[in-house]
Structure formats: structure tokens, C-alpha cells
Amino acid sequence: MEWSERDVRTWKRADRDGVYYVQIPGQGGWVSSGQTSKPRAIAWALAKATGGATADVTLGVYAKEFFLPGSCPRIRLLEEAGERNVSKSWQNVRQVLDAFILPRWGKTMLVTIRPKAFFEWLASPELTTSKEFDGKVRPLSAGQRNRIHSAMNHIFAQAAFDGLLETNPLDSIPWIKKRGAGRGSFSVAELALLFPADDAELVRIWGTLKWAVFFLVVYDSALRPGEALALRWRDWHPAHRAFVVGRGVDNLGRIGPIKTARKGVAKKVGLVGERAATLLGRLRAPLEPGDDDLVFPASRFRHNAGSTMRTMAASDHFIKSLARAGVPRVRPGVEELPRTQYCLRHTRNTELRTERGDESARLLMGHTPGSSMTDHYDHPEDADLILRALRSAGR
């Protein structure tokens, strides 16, 4: 049957943020159109009455190809507009879509998702991590909530561009305020537990010599874990106990440039201590097929195959090693946030600022000139503050 606008009855609900409820032709009862515009509410009702595809689309159906390079309409649109994207960024956005957004909103019709309901869910303390630390499920961090917000904003902006929505209703949602330092640090006593002087105990803590050397190199050099996973023997300069670093591994095990390459710093130097250099010498062995000259190839780690290790695999191993060392996942009375392998980098940054000063720390950390990251990574204890004051006073 042919339906026209005259066949649609509308009702603007002031108690529902001005959303129009409609009576769909051929069907009884009032239903929400999800629209605050009467013409679009009528169009929605007519599409529903005639079986139009846009009427019944759920978030899950509409977003099924989002943030997947090669098929995502949003990535394609932004690339056509001249924006340069990093695949790892889109991969992270897809992860929050799968882990948080779709389980809650996937079966909800796109046009019926309202800003207030979405924000209340986004800000709720009931939105938690899927992993347990110290026997507790922890509320999601502000940064992760903002990633969820960003993902939904991209989806709704594209839906408005495609004509499914009049405007992006999520534009009115505020960003969740970020907390201070995003990661914790380790005390001197905890570092002694993680890296004991006895080599046998060191291997016990980390499970294998390979893992022990990997995390010792990460700590000594202040490299990002992904940068350490991409190290090659050709980048190693034993006379100086130094790596020249220009590559990194992402969460999918893919190798690309280091993070600061986009800001003009394509290479940096990672210095290691005498003990790490000695243990590196014990690790070096004839190359195996697929090793690609890597210092830490996945084929040399138990239960892994292929060339490069994924950063998440190293993260999972780090958490298990913390337990073997007797180091708590959250530092009691000091930091609320759980500590990860990346916290070794924060800890080393703090030590370098105490030992060598701000500019030397920035250079050794590989931060770009003028960056505030050296400050952001700083977690000084009382002893650090005293030593810095003594150095400034020339004592």
C-alpha cells in the first residue's frame, strides 16, 4: 500500500527531550522515532511502514565495518578529506567498540540512542575493566572512557553524513576529565625485587632468560616495550652498550616507525647497563628462519610463533612476573592506578631527571624538544627531590 505524510500522526514529547513519537501507518500504538525534527520523524515513520532499510538499522549493523582499514566508511571519508591516519589508532578504537560499545548498544536502533542515556552510561562507575587486579574489577580509566566517546562520535558523525540522522546528537556530550599521571612507578625496593642481583633468581622472576633480558633492557634504556620488541642485532653497538632505535611493534605485531617520527625525531638511542649488555651477549645465537635479525624474536619465546612479539603478550607476562617477585600490582598508599610494563619507562624517567637533569632526561627518553612528557613521566620521591636540590645548589 502507498503511504503519504498525511497518514503519519506525530506527538512531540517534551518529557523526552523533544523527541517525536509517531504512529506508523498500518501499525497501532505510539513509538519513538528518535528524531527531534518533525519532517525527519515523518520520514522515519514512512520508512518503517514501507520496510525501508534505514528505519530498523541498529548500531551493531551500521557499525560492523567501522574502524577496519580498507572497509571503514569513516576512515575512507577522512582520508579523502586529506587526513593522515595511523592504523594503530584505528585498531585501538575498534577494540573499544567491540569490548564496550557493541555489548551495550549493539542491538539498539541508531536513531533512538539519546545523548543523556549514553553519557550516564559512559560516566557510570559500573563501566569497568574486564580484567581483575588484586582480586578487584576496577572502574574504567578516564582515558579509556574518552576513547569510547571518540568512537561513538565518529560513528554518529558518519551517520549524520550518510543522512540517517539530522545531526550528530553526541556533540553535546562533555569529555570525561583526565586524571593526573596516567601510570604509576616503582620504588627502589621494588626494583630490587624485580631485578635481583642473582641471575638464577632473575630468571625465576621473569620465567626465562629471554624475558629477563627483555625487561632489563626496557628498564635500562627507557624504551617503549614495542620499541624493544623491534630491536635488531644490527642496531646494537656493544662498545657503547647502546641501541640505535628507529622502529616499533604495535599490538598486532606489525613493525613501523617510532612514535616520535611524526614529530621529527625518527631515531633515538637506548643505553643499557653493564649487566644487561653481558646478558645480551649470552642470548645472541645463530639466526633461525623468520627471526629477521631480531634481538627478541617471538620464535625464541615459549608458546609464541612468528617473527615479532605483540606488546600485549609482553604486558601479560609482565603482570605474572610482578606476582612472582612479590610486587603489588598497585603501589600501596601512593598510586591508585595499576602498574604495567610501561611503568618501567616512567620509573627510569624519574631516575634520569634526578641523576642527570631535565634536558639529559628528555634526550635519553627520546622525547621531542619542548615536549611536556618528561614532566608527565616524573614521579619523584623525597630522596629524588633532595638529590635534585643538592645538585642545583652545587653540593
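**View 1. Confidence along the predicted chain.** This is a predicted model, in which local features need pLDDT of at least 70 and side-chain atom pairs count only at pLDDT 80 or more, while totals for chains, interfaces and linings use all residues. Residues are numbered from 1 along each chain as its sequence is written, and side-chain values use heavy atoms, with hydrogens and water left out. Helices (H or I, at least four residues) and strands (E, at least two) are DSSP runs, numbered from the N terminus. The protein chain averages a pLDDT of 81, and 85% of the residues score at least 70.

**View 2. The largest nonpolar core.** A nonpolar core is a set of buried Ala, Val, Leu, Ile, Met, Phe, Trp, Tyr and Cys residues joined through side-chain atoms within 4.5 Å, where buried means under 20% relative accessible area, exposed over 50%, and partly exposed in between (1.4 Å probe, protein chains only). This core has 45 residues, of which Leu59, Phe67, Phe118, Ile148, Ile155 and Phe156 touch the most other members. Among the elements that give two or more residues to this core are strand 2 (19-23), helix 4 (87-105) and helix 6 (142-161). Apart from it lies another core, of 44 residues, which includes Trp211, Phe243, Ala325 and Val327.

**View 3. Surroundings of phenylalanine 156.** With contact taken as heavy atoms within 4.5 Å, and residues up to four places away in sequence not counted, Phe156 touches Leu59, Leu110, Ile113, Leu165, Asn168, Pro169 and Leu170.

**View 4. Packing of helix 9 against helix 13.** Helix 9 (residues 209-221) and helix 13 (residues 343-356) pack at an angle of about 35°, with their axes 7 Å apart; axes are lines fitted to C-alpha atoms, for helices over the stretch in contact, and angles run from 0 to 180 degrees between N-to-C directions. Phe215, Val218, Tyr219 and Asp220 of helix 9 make the contact with Leu344, Thr347, Arg348 and Glu351 of helix 13.

**View 5. Tryptophan 30 in its loop.** Trp30 lies in the loop between strand 2 and strand 3 (31-32), and is partly exposed, with a relative accessible area of 32%. Not counting residues up to four places away in sequence, Trp30 touches Arg9, Thr10, Trp11, Tyr21, Val22 and Gln23.

Notes: pLDDT is the predictor's confidence in each residue, from 0 to 100.
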